[in-house]
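Me: I would like to understand the words used for this protein, and what stands behind each of them. Could we go through them one at a time?

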Amino acid sequence: MRDDQSILPPVPRSYGRVNWLGAWTLLMKEVRRFLKVYFQTIIAPVVTTLLFLSVFALALGPVAAQVKGVPFVQFLAPGLIMMAIVQNAFANTSSSIIIAKVQGNIVDMLMPPLTGAEQTAAVALGGVARGLAVGIAVGLAMALFVPMPVHNPALIVYHAVMGSLMLSLLGMMGGIWADKFDHMAAVTNFIVTPLSFLSGTFYSIDRLPPAFHTVALANPFFYMIDGFRAGFIGVSDGSVALGVMAMAMADLVLLLITWRMLDSGYKLRS
């Protein structure tokens, strides 16, 4: 006698309004992806940032003994830490998506029962995790050579998280848009790197001519670095309150765009 239950269709599993398990699994996949090669993803950025510190300190230290009333290396160090945070957050999400697209395994992320919002949150937080891990490692390494007083811990944490989230989302957008590695390199070379280097990382924008000073204030990267630096040295080139709001608005806009790109399957689904 045949069991009547054997012909019944399988009952779909209910994940509730949010698939927490699926989102957590995707997040852990992104985190373990960069931890597996930690020498490349965490140790290497520490060495690179320390080299930047030594080169600029030796080249400009004697000329710019003080900036904003603090020694030049103390002014420079927070900017370098923030630059390492955002560059690695961007690299994590952009490489994850473009490699998955090129290798054809992007379906592993698209097929599970995850909404566009859940996918966006999981992948973006993976980039934030890498950015913060690099930032902590770089900060600890720099503290061995440069005095690192902490003026406002809340500003440091806020700008580190919001800055890494911004570049993490920008990396996702770039990875989704790019069809090959050349396209991704163009985003890095013509958008991320120029905005990073022209954001006041290595100098105070107060020294710029008025026209370039205005341009610098329109650079969202300036606010993340300026606010992060203010958390250490207690002074800033711009309005910290304006920077806090600008970071929140930029992240919200990028979050909505990225969610829409993933939810619609833009350049991901045929």
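Reply: What follows sets some values beside the definitions that they rest on. This is a predicted model, in which local features need pLDDT of at least 70, side-chain atom pairs count only at pLDDT 80 or more, and totals for chains, interfaces and linings use all residues. Residues are numbered from 1 along each chain as its sequence is written, and side-chain values use heavy atoms, with hydrogens and water left out.

Me: What makes up the secondary structure of the protein?
Reply: The protein has ten helices and two strands, where helices (H or I, at least four residues) and strands (E, at least two) are DSSP runs numbered from the N terminus. Along the sequence they follow the pattern α-α-β-β-α-α-α-α-α-α-α-α.

Me: Why is Gln-74 called buried?
Reply: Gln-74, which is placed in helix H3 (residues 72-103), has a relative accessible area of 15%. Buried means under 20% relative accessible area, exposed over 50%, and partly exposed in between (1.4 Å probe, protein chains only), so Gln-74 counts as buried. Of the 270 residues in the protein, 45% are buried.

Me: Which residues is Gln-74 in contact with, leaving aside its neighbours within four places in sequence?
Reply: They are Val-146, Pro-147, Pro-149 and Ile-233, where contact means heavy atoms within 4.5 Å.

Me: Why is Val-47 called partly exposed?
Reply: Val-47 lies in helix H2 (residues 38-60), and its relative accessible area is 47%.

Me: Which element gives the largest share of the lining of the largest pocket?
Reply: H5 does, with five residues, while the whole lining has 16 residues, of which Gly-135, Ile-136, Ile-156, Phe-228 and Phe-232 lie nearest the centre of the pocket. On a 1 Å grid over the protein atoms alone, a pocket is an open set of points where a 1.4 Å probe fits, with protein on both sides within 12 Å along at least five of seven lines, and lining residues have an atom within 4 Å of a point.
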